[in-house]
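Look at the structure first, then read on.

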Amino acid sequence: MAAAGAADQGDVTLNFTLKELSLSGRTGESTPGGSSSVELRNKKLVCVEYPAMVTSVERMLETLGGEQTVTKTFSDPSRRLEMRFRPRDPFCHSMCGNRLPSSNLLLRVRRRVRKKDPKDAQIQMDVMGIIGTTYKFQGMVDFQCLAVDSQNGKNVSLYDKIILHKAENQAFFSQDVPYFLPPAIFSRVDSPVDYFYRPDSVQKLVSSLPLPVSKNFIGLNRARRPHNAIFVSFTDPAVPSECLEAARVNWGRVCLKEHDLESEEKVKKMFESRPIWSRNALKANLDLHPDKLKLLLPVYAYYMVTGPWRSLWVRLGYDPRTTTESKKYQMLDFRIRVSSKYGYTPPNIPVKAKRSTLSYSLPTTLNKTAPPAASLMDIPAPEGPGTSRDPPPVSFQLKDSAYIFRDGLLPPHRQMFYQLCDLDVDSIREAISQNDGEERECDERDGWCVVGTTDKLRDIISTMIKKVVREKKPEKQDRLPKRRRRGHVKYTMKDLKGEDEEEDDEEEEEEEGDNKEDEEENEDDEFQPSEGSENEMETEILDYM
């Protein structure tokens, strides 16, 4: 990596006479002032035009996050290179450098001077490599914010009061601190724009259009997607019996292949045999492109937004609130509980997160100048013997674990939407059917089941998952004893050898009382969605709005 500094502060006069310019790798003899050939090394380099005077390479790399961060940024063409003038200040607003393609050369120039005659100098030049990528900091560097407070006309630092350097007691969090809350992001763009207080032409054009009568209208700059799905709430008096005409038109527009006709016939038979389906259950029984499935579902079903059948697709004309047979099709929103009481804490949750907030990038860190990545679908297959012009078949079908729960298996995501009929466990079936034939009223939370059944089912599934996790853990790790020292937990090698078993038994009794308060505090957070949860209901509503 080559770093380019700013210009020198003053003009420098070189008091010497250029006698000869020698080039490494030259062939033949050359005369001063003439041309010569040089060896071009095929070495790829990255240039960072650093917007400051570089006096220390280590401190310069520290402002860029270190070599590892620079390498990680370079591996992603869509990321911008972040630089912080105060890398140890968590409130420092970063400056982002754009990634631009370049075709430059990195030259190393050496000047040799004779001791006897300082005016006699010889300059040698080497071509070190080719610079194919350059990071340029072209944005504004303002929006800097310091954690200070003005007291009696003087600025007092607040870093020692608001930044945690070690584990603090309750008194640290009870102290009075002046108000300081910088925004997470100051501006969506870091390049200056001259708008001269003129109204946005696009906003003016949209605002001049008549507002739609539909209550599903979101905003002026957001056109509704023409999927024409019908949404029904639990409190609505009736359910639709026919789809919208526009839904049939949209599906007829994309239903062009024989495979599409077969999928339509299969969806029709599926809703005839089972009136309520989840989206994952449909995907596991169909091999249809998701975009086409969005247009096909509104032709045969409507979408429940609230109630015990929320986030499910119901056959047109079928009202699950009027028949007790729909009890087995109710939805159970299950989320893996994160607590020491269940055998795992946030760092070692047995189910991997589908999405993570740690990889979230602010709009200012996305490189708008980077070209889009090439798609394999755009590259034609080679023609010739032993090759086929048809691309390999692509399957859009999900596995059964996406909607069915069985004993001994972990769910694929931390949040799952199961239908009661897809819970393949005997104890769960008994809890669901405990009031068969005695259903009187459909509750908005528990449906046709006994009140509190959903909580009971969550407890059963959580216990089963806890059992699976313990069976997969090593025996030594499962019986790892703990020692409390002033509120801290330590693990010792002597405990692993079994030398302190009696002492461990006494400490375990003390820990049971100490952990009760921690478990009560964690119970409030057990049913919160995890960072990697897949909220199907919100996702599907956004697809059709």
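## Aromatic pairs

How many aromatic pairs does the structure hold? The answer is six aromatic pairs. Keep in mind that this is a predicted model.

Take one of them. The ring centres of Phe-91 and Tyr-159 lie 6.2 Å apart, and the ring planes stand at 50°. Planes under 30 degrees apart count as stacked and over 60 as edge-to-face, so this pair is tilted. The pair links distant parts of the chain. Phe-91 sits in the loop between strand 4 (81-83) and strand 5 (95-113). Tyr-159 belongs to helix 3 (residues 159-162).

## Two packed helices

Two packed helices are described by the angle between their axes and the distance between the axes. Helix 7 (residues 258-273) packs with helix 9 (residues 290-300) at an angle of about 45°. Their axes are 11 Å apart. That angle makes helix 7 oblique to helix 9. The crossing of helix 7 past helix 9 is right-handed.

Which residues meet here? Helix 7 brings Asp-260, Ser-263, Glu-264, Val-267, Lys-268 and Phe-271. Helix 9 brings Lys-292, Leu-296, Leu-297 and Tyr-300. By class, this contact of helix 7 with helix 9 has five nonpolar, one polar and four charged residues.

Conventions: Residues numbered from 1 in each chain as written. Predicted model: local features only at pLDDT ≥ 70, side-chain atom pairs only at ≥ 80, totals over all residues. Heavy atoms only, no water. Axes fitted to C-alpha atoms, helices over the stretch in contact; angles between N-to-C directions. Helix = DSSP H or I, 4+ residues; strand = E, 2+ residues; numbered from the N terminus. Parallel < 35°, antiparallel > 145°, perpendicular 65-115°, else oblique. Left-handed = near helix turned anticlockwise from the far one by under 90°. Contact = heavy atoms within 4.5 Å. Nonpolar A, V, L, I, M, F, W, Y, C, P; charged D, E, K, R; others polar. Phe/Tyr/Trp six-rings, centres within 6.5 Å; stacked < 30°, edge-to-face > 60°.
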